[in-house]
Amino acid sequence: MKNKTVGLIGAGGIANAHLPAWLDLGFDVLVHSIADDAPRLVERHGGGRVATTADELFESVCIIDICAPTQTHSSLGFAALEHSIPTICEKPLARTLAAAELLADGFAEKGVPLFPAHVVRYFPEYAALRDAVVAGAIGEPGVLRFTRQGQSPKNGWYLDSAQSGGVLLDLMIHDIDIARWIAGDITRVFARTRTHRGSESTQAVLTHTSGAVSQLTATWATAPIEFRTQFDVSGSRGTLRSDSAAKPTYTHVGPPSAADDILPAFDAATSPYRAELADFVRSIDDGSDTRVTARDGVEAIRIAEAIARSAASERAIDLSHDHEEVSAA
Amino acid sequence: MKIAVLSLAHTHALEYIAALQRHPEAELVATDPDGAESPAELRGAPLALTLGVDYLESYEDVWAWHPDAVVVCAENVRHHDLVLRAAREGVHVLCEKPLATTVQDAAAIVDAADRAGIVLMTALPVRFSSAYEELRAGVRRGDLGEIVSVSAANCGSIPTVRAWFTDKVLSGGGAVTDHVVHVADLLADLLQETPDDVYAVANGIPGNRDGGVEIAGLVETAGLVSLHYPSGVIAAVDCSWSRPAGSADVGDLVTLTVIGTSGVAEIAPFASIIEGWNEHGALTYGYGLSLDQRLIDSFVAAVAQHDRTAQPDGRAGLAGVMLIDAAYRSIDAGGPVRLRAVAA
């Protein structure tokens, strides 16, 4: 890759993880945000340059990195596609399944790489889980449990579920992708959602084609909790599990630092954000697949939409046929 | 006070006998006539001998002994007949969970106890956990604000020490029958309501070394249950027998996470363990007060005072059976089901 300039669109929460990772990978970063937060981001991380217009990016960069709010993913993605620029898009790939499919199809037809940033596949504990399961450590996956919880977001657009898709598309979409990665495709979902005074919990039960079952729990809490993720995966021969709160490699007591309550803690030496971006750069260079593909991003949204429909209708949603059917049970 | 342990089929009988032996006022006997069906397992008089408890040959011998109370530890399907007989004899009952294998049987048990005026308690010992009592007190005080949702797990190994657990005819079912009731009972007590909508899925993968989802003729080993309560609270429960045989006790037999609007609480009532290693592998030892002891203490006190309000009672047991029934109906239907109302 000769041109090593990335166009980062959006300067909010997740951009704080991407910008330092790009700089660490030796990229120059042009940051554009329609909000006024780009200069602050650049100053905070001591790198990158502010671009005042989006066109400035599209004309000069080799990779577009979309870290803007969910409802802009689709239009920004198509703008990048127009310029045939390989694009990494923060999850979810789009606000709706239809938009995600259009985007993925568009990139595929033009042969331009599109990479949904399902970063949890690059968190070392989840990668270790996948490797161990593939190696047969626990036999055939049978019952899986994934939990993800953090404080309710304070930003306006997150709280508007029409724009963000709520806790389902913000947090649970990660574990939807991981459950598929570990135990395969999904045939049926059932879910419940409770939104109460600013807290939001979604609990989903997935049935995999293999017969395995998964329970996903995602919570935005108004209570002052630490960001936390857990998994507990059992197969025919054993159990594997992890809890981000159980064995922290670093703990401290003292005043909280600003803006670190929306991202999970990670080890800088194995930064999952750096690993994720590096995987995309590698795949652009050598043409091979990334660990998570555009199709995976689309499938995660397909399942998420079924979960949303199940929660709204109080019915199980069958995904096993080409045309979805609502269970009559 | 004369107390008889009816059957040694459920291994909790061993814990209850040990707990009863700490009550000098209790004169104790055991009987295990059906133990002869399982010659490969240590049952009957030889087991009673190792436990240091007097043994009677038959249930009729027990009734002729005129006990004040009985502890029913038979195979699940046999609870109904034994409790109904105890009610006819006017004898107080502590019954192992689940109270019965059908809603009809469980309702008949509660009804018979009411008519006979006997104490009927269901063996749901997690209710006596200090961690749970602290959680309940905190919720009542409003420490958590309003409860939004709950996630819970009760995961253990397949109980292979007794073959009947995995024989549907005797047990009524597998992991869902065995494990969902503890958590459901805590939630019923904590929320002061019972669920109105239940969704469940199950498979036979955990422990199935031959591969595949079904274990022919056996019972489910994985179960996930999703509950909705009339107040709007939602709960997710993992009740699987998903721990591999030989798992070290890491104190997670039951866990409950309660998300409230102003606080989040988590309990692990069995987490009081010390851990270590020797040349053979992991070492774990539980410490602190046994929940079975607290259950037995409460039952003995209830019998002594003829206190029919002692908890968890027969209705708590019935609520558990209703939930199990709904979970199996949901598994069969492939969708959520409403909890069936029972005329009480």
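Which residue of β4(B) does B:A4 stand opposite? In this predicted model, local features need pLDDT of at least 70 and side-chain atom pairs count only at pLDDT 80 or more, whereas totals for chains, interfaces and linings use all residues. Residues are numbered from 1 along each chain as its sequence is written, and chains are lettered from A and ligands numbered from 1 in the order in which they are written.

**View 1. Strand β4 of chain B and its partners.** B:A4 stands opposite B:V70 in β4(B), and the bridge partner of B:V70 in β5(B) is B:V93. The chain passes from β4(B) through helix α4 (residues 79-89) to β5(B) in a right-handed β-α-β crossover (clockwise from the first strand over the helix to the second, with the strands pointing away from the viewer). Helices (H or I, at least four residues) and strands (E, at least two) are DSSP runs, numbered from the N terminus. Strand β4 (residues 69-72) sends B:A69 and B:V71 one way and B:V70 and B:V72 the other, and all are buried (20 or more other C-beta atoms, placed from the backbone, within 10 Å of a residue's own; exposed means 12 or fewer, partly exposed in between).

**View 2. Around B:V180.** Leaving aside neighbours within four places in sequence, B:V180 is in contact with residues including B:G223, B:V225 and B:A327 (contact means C-beta atoms, placed from the backbone, within 7 Å).

**View 3. Where chain B meets chain A.** Here 38 residues of chain B are in contact with 37 residues of chain A. Among the elements giving two or more residues to this side of chain B are β7 (147-154) and β8 (197-203).

Key: Pairing = 2+ DSSP bridges. Contact = placed C-beta atoms within 7 Å.
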